[in-house]
Amino acid sequence: LISATYKPTPGYTEKEILKQVNEFALMFENAVRAGKIKSGRKTNDIAIKAMTITLEEFIDEYYFDRKENSFSPNTIPFYRSVIRQFLCPAYGNIRLIDITAEHLQNFVNCLSEPGMRADETNEEALSAATVKRYSTVFRSIMREAHRIGFTEEYTFCNTDIDYPKIKKSELDVYTQEETNWFFEELQNESA
């Protein structure tokens, strides 16, 4: 006999908890059938928790504990800021196993919209480079979830995400005439 205990998240109604219990039971049965959980073997806590843990719970309970030593001191506050401002409000309540490449694409699209800056008085969209940099935070979290065993595959592996195009500004170069004038002025200066 194989069994598991489901602990509902506080703050949900009885109807919502019942729905969560039924989902958990279905996922648990599927995991047993797939051989991920076997009788007579101590069940890995992560195998059970992987079925219900949300993105925000994973970040709080696992992510920074594991990654803190591999990040530079400046990276940690940056990642925490992106997570607090963008990721958790939008995706924090989604279970890790339910996150898809579509969520990353939606994240990129959302960041590309005007008005996403921390400075609310600036309505300009984030630069394309900033959008890409912020998306690396989401990618890093999901990569770590896979490494620990919360997801069967790295969700964003081989995904073709449409990032905004980085605008290349046209260089304003001197004409031959302006260059000649500049050198003449330099020679007059040194004389």
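The crossing of helix 5 and helix 6 is right-handed. The exercises below start from this pair in a predicted model and then turn to other parts of the chain.

**Exercise 1. Determine how helix 5 and helix 6 are oriented to each other, and which residues make their contact.**

Step 1. Two packed helices are described by the angle between their axes and by the distance between those axes.

Step 2. For helix 5 (residues 101-111) and helix 6, the axes come within 10 Å and cross at roughly 150°.

Step 3. Angles over 145 degrees count as roughly antiparallel. Helix 5 and helix 6 are therefore roughly antiparallel to each other.

Step 4. Helix 5 contributes His103, Leu104, Phe107, Val108 and Leu111 to the contact, while helix 6 supplies Val131, Tyr134, Ser135, Phe138 and Arg139.

Step 5. Sorted by class, the residues of this contact are 7 nonpolar, 2 polar and 1 charged.

**Exercise 2. State which residues of helix 5 are buried and name elements that cover them.**

Step 1. The buried residues in helix 5 are His103, Leu104, Gln105, Phe107, Val108 and Leu111.

Step 2. Helix 4 and helix 6 are among the parts that cover these buried residues.

**Exercise 3. Work out the relative orientation of helix 3 and helix 4, and describe their contact.**

Step 1. The axes of helix 3 (residues 55-67) and helix 4 come within 10 Å, with a crossing angle of roughly 160°.

Step 2. Helix 3 and helix 4 are therefore roughly antiparallel to each other.

Step 3. On the side of helix 3, the contact involves Leu55, Glu56, Ile59, Tyr63 and Phe64; on the side of helix 4, it involves Ile76, Tyr79, Arg80, Ile83, Cys88 and Tyr91.

Step 4. These residues divide into 9 nonpolar, no polar and 2 charged.

**Exercise 4. Decide whether Phe156 is buried or exposed, and place it in its surroundings.**

Step 1. Phe156 lies in the loop between helix 6 (128-148) and helix 7 (176-190).

Step 2. Residues under 20% relative accessible area count as buried. Phe156 has a value of 1%, so it is buried.

Step 3. Setting aside neighbours within four places in sequence, Phe156 is in contact with Ile99, Thr100, Ala101, Leu104, Phe138, Arg139 and Met142.

Step 4. A separation of 7.9 Å is found between the C-alpha atoms of Phe156 and Arg143, which are 13 residues apart along the chain.

**Exercise 5. Carry out the corresponding analysis for Gly115: its place, its accessibility and its contacts.**

Step 1. Gly115 is located in the loop between helix 5 and helix 6.

Step 2. Its relative accessible area is 34%, so Gly115 is partly exposed.

Step 3. Not counting residues up to four places away in sequence, Gly115 touches Glu123 and Glu124.

Step 4. The C-alpha atoms of Gly115 and Leu126, 11 residues apart along the chain, are separated by 8.3 Å.

Methods: Residues are numbered from 1 along each chain as its sequence is written. This is a predicted model: local features need pLDDT of at least 70, side-chain atom pairs count only at pLDDT 80 or more; totals for chains, interfaces and linings use all residues. Side-chain values use heavy atoms; hydrogens and water are left out. Helices (H or I, at least four residues) and strands (E, at least two) are DSSP runs, numbered from the N terminus. Buried means under 20% relative accessible area, exposed over 50%, partly exposed in between (1.4 Å probe, protein chains only). Contact means heavy atoms within 4.5 Å. Axes are lines fitted to C-alpha atoms, for helices over the stretch in contact, and angles run from 0 to 180 degrees between N-to-C directions. Angles under 35 degrees count as roughly parallel, over 145 as roughly antiparallel, 65 to 115 as roughly perpendicular and the rest as oblique. A crossing is left-handed if the near helix is turned anticlockwise from the far one by less than a right angle, and right-handed if clockwise. Ala, Val, Leu, Ile, Met, Phe, Trp, Tyr, Cys and Pro count as nonpolar, Asp, Glu, Lys and Arg as charged, and the others, Gly among them, as polar.
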